[in-house]
Amino acid sequence: MGQLLAPRRVLIVDDNCDAADMVGALLEACGCAIMVAYGGQQALAMADDFKPDVIFLDINMPGMDGYQAATALRQRASGSTARIVALTAMNDAASRATMAAVGFDGHLAKPASLESLIGATR
């Protein structure tokens, strides 16, 4: 696939391991440095060392959901400047409004196309 993107550090957070790994593999093939977390707590542990430019974050996760994870990430230096994009099946107006209020910078509905994933990393 080659380098389609300027090098970006991307953290993918989803409790669906297959979905997270697939998004990670696609973006890595496009030139991104990737880390994958399978839950909100794991994402918090990884973010401080990885310092992502972009975080793709699922909403419906057990334990710490995406809203809680985004709020916690925004309070950390590693997440305060990162672009946080919801990558979720939740696509209704109320959910999108909550995402914006919590501090998400964007929203992609699952399944997201490679083009939309690439666009969200810019």
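Modeller: A polar contact here is a pair of N or O atoms within 3.5 Å; within protein, one must be able to donate a hydrogen and the other to accept it, and residues adjacent in sequence count only if both atoms are side-chain atoms. This is a predicted model, where local features need pLDDT of at least 70, side-chain atom pairs count only at pLDDT 80 or more, and totals for chains, interfaces and linings use all residues. Residues are numbered from 1 along each chain as its sequence is written, and side-chain values use heavy atoms, with hydrogens and water left out.

Colleague: What caps the N-terminal end of H1?

Modeller: Asn16 does. One of its side-chain oxygens lies 3.2 Å from the backbone nitrogen of Asp18.

Colleague: Which residues of H1 are buried?

Modeller: Ala20, Val23, Gly24 and Leu27. Buried means under 20% relative accessible area, exposed over 50%, partly exposed in between (1.4 Å probe, protein chains only).

Colleague: Where do they fall, seen down the axis?

Modeller: Within an arc of 100°, so the buried residues line one face of H1. The arc is taken from the directions from the helix axis to the C-beta atoms.

Colleague: And what is exposed on the other side of H1?

Modeller: Asp18 and Met22.

Colleague: Switching topic. Where does Asp58 lie?

Modeller: In the loop between E3 and helix H3 (66-74). Helices (H or I, at least four residues) and strands (E, at least two) are DSSP runs, numbered from the N terminus.

Colleague: Is Asp58 buried or exposed?

Modeller: Buried, because its relative accessibility is 5%.

Colleague: What does Asp58 touch?

Modeller: Val13, Asp14, Asp15, Gly66, Leu87, Thr88 and Lys110, leaving out residues up to four places away in sequence. Contact means heavy atoms within 4.5 Å.
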